[in-house]
Structure formats: structure tokens, C-alpha cells
Amino acid sequence: MAQSASAGQDAARRAAIHPVADTASLQAWLARVPLTRQFPPDFADTLRGQAPAFVIEMSTSPGCVPCGDMWTKLSAFGRQYGWRVAAIGGQEAMVRSGRLGLPWVGHPVVWVRPIADSNRIVPIAIGTDHALNLARNIYLAVKMLTGVRPDVGLRAMSKYTGIVGVGAPRNPANRGG
């Protein structure tokens, strides 16, 4: 039974994870991802108002196409709403994933956390995604970290694209390039 369950989990993981090595493959997978179309009335005000209290942290590796895509999108988000975006090492990303029971699938993985508390973390992306979906997930993470019931936020954020980079040497100093 355990072997069958493990095989089923491996098959599900392979179906959910989409390693890409080039921009064309990345764009082909992103074309399949639905865009968020509706946002709550407090969306922009919440993101701007909470920016000083939170940080976005992302794992990355050299030559990782989805990492470069994510850095571009998160940098634009940071400029628009005033958020700080920082890199974390692969080891830290794996530890965080393990603490939450998430399988390690590769880079990028993106987290939101309060600046004052490195132990309160919410994953907002496994792999890259559309900028609008990332903004929605950041908004939901802020709501969860400031009082909305986690099950409500996680249900709304339950789909990650799984578009990750192919295996490459890990170096958190390289921001996706």
C-alpha cells in the first residue's frame, strides 16, 4: 500500500511540476495559466499600506529561466507598491518548505513574511506565474498574516503554476541570471 501511495504521489508531482530551460517553454506553460480578473476594493491600498511591514523573499539559482522571469515581475511589483524583494538561499528555502510540508521541487519558491518575524511565512508561488496572480497571492498572504483565517486565504491561493527551472548549480547571489 505504501509503495502504491508513494508512486501516486510521484506521478502527481510530475504532473504538477513543469521544468523549463528556455523562454519559449516558459511562455508556453504560462499561456495555460488563468489570470486573476477580479480584485477586492481594498487591494491596492492594502498592498501599499502593508509594504513597510513585510518582505518578499525568493529562492533562485544561476541560469534559472523562471527565476529571471519572477525577479522581473517581483521587482516591478516592488516598485509599484513599495515592497522590498530579497533573495534567500536554497538551503533556507528547503527548510521552509519542509516546515510547511511542501515538497522541494526547485527554484523559484517565493515567500511573504513580516519583516519583524522570520518564522511567520506564507508561500505565494512555487515556480513563476503571471504578475496579476502574484499580486493576488501577496495580497492574500498579507491578509492571512494580519488576521484572515488561513484556510480562507489558502483556498483562494491554492493553485501554483509549478513552472520551475531545470536543475542548475545553486547560488543565491545570482538573481535568476
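## A buried ring

At 9% relative accessibility, Phe43 counts as buried, where buried means under 20% relative accessible area, exposed means over 50%, and partly exposed lies in between (1.4 Å probe, protein chains only). This is a predicted model, in which local features need pLDDT of at least 70 and side-chain atom pairs count only at pLDDT 80 or more, while totals for chains, interfaces and linings use all residues. Residues are numbered from 1 along each chain as its sequence is written, and side-chain values use heavy atoms, leaving out hydrogens and water.

## The chain as a whole

The protein chain has 177 residues, and 45% of them are buried. Its secondary structure comes to 7 helices and 6 strands; these are DSSP runs numbered from the N terminus (helices H or I, at least four residues; strands E, at least two). Read from the N terminus, the order of the elements is α-β-α-α-β-α-β-α-β-β-α-α-β.

How much of the contact in the protein chain, counted at a separation of 6 or more, is between residues 24 or more positions apart? The share is 74%, with a contact meaning heavy atoms within 4.5 Å.

## Aromatic pairs

Across the whole structure, a search finds 6 aromatic pairs. One of them is made by Phe43 and Tyr81, whose rings are edge-to-face, with 6.5 Å between the centres and 90° between the planes. Rings of Phe, Tyr and Trp (its six-membered ring) pair if their centres lie within 6.5 Å, and planes under 30 degrees apart count as stacked, over 60 as edge-to-face and the rest as tilted. Phe43 belongs to helix α3 (residues 43-50) and Tyr81 to helix α4 (residues 65-81), so this pair ties together parts that are 38 residues apart in sequence. Tyr81 counts as buried at 10% relative accessibility.

Tyr81 also pairs with Phe77, this time in a tilted arrangement, 4.9 Å from centre to centre and with 45° between the planes. Both residues of this pair lie in helix α4, where Phe77 and Tyr81 are 4 residues apart, or about one turn of the helix. Phe77 and Tyr81 are both buried. Seven names make up one aromatic cluster: Phe39, Phe43, Phe54, Phe77, Tyr81, Trp83 and Tyr139.

## The nonpolar cores

In soluble globular proteins, nonpolar side chains tend to be buried together. Here the largest nonpolar core has 29 residues, and the residues with the most contacts inside this core are Ile56, Trp83, Val112 and Ile138. Such a core is a set of buried Ala, Val, Leu, Ile, Met, Phe, Trp, Tyr and Cys residues joined through side-chain atoms within 4.5 Å. Two or more residues of this core come from each of α3, β2 (54-59), α4, β4 (109-114), β5 and α6 (131-145). Which element gives the largest share of this core? Helix α6 does, with 9 residues. There is also a second, separate core of 5 residues, among them Ile88, Ala93, Val109 and Ile121.

Another buried residue is Ile124, which has a relative accessible area of 0% and sits in strand β5 (residues 122-126). Between Ile124 and Ile56 there are 68 residues of separation in sequence, and the C-alpha to C-alpha distance is 9.1 Å.

## Salt bridges

The structure holds 5 salt bridges, each a side-chain nitrogen of Lys or Arg within 4 Å of a carboxyl oxygen of Asp or Glu. Arg96 forms one with Glu57, where the closest N and O atoms are 2.6 Å apart. Arg96 is in helix α5 (residues 90-99) and Glu57 is in strand β2, so the pair ties together parts that are 39 residues apart in sequence. Arg113 forms a salt bridge with Glu57 as well, its closest N and O atoms being 3.0 Å apart. This pair links distant parts of the chain, with Arg113 in strand β4 and Glu57 in strand β2, 56 residues apart. Both Arg113 and Glu57 are buried.

Arg96 has a further salt bridge to Glu92, at 2.9 Å from N to O. The two residues are 4 residues apart in helix α5, so about one helical turn separates Arg96 from Glu92. Is each of these two residues buried, partly exposed or exposed? Arg96 is buried, with a relative accessible area of 3%, whereas Glu92 is partly exposed, with a relative accessible area of 33%. Together, Glu57, Glu92, Arg96 and Arg113 are linked in a network of salt bridges.
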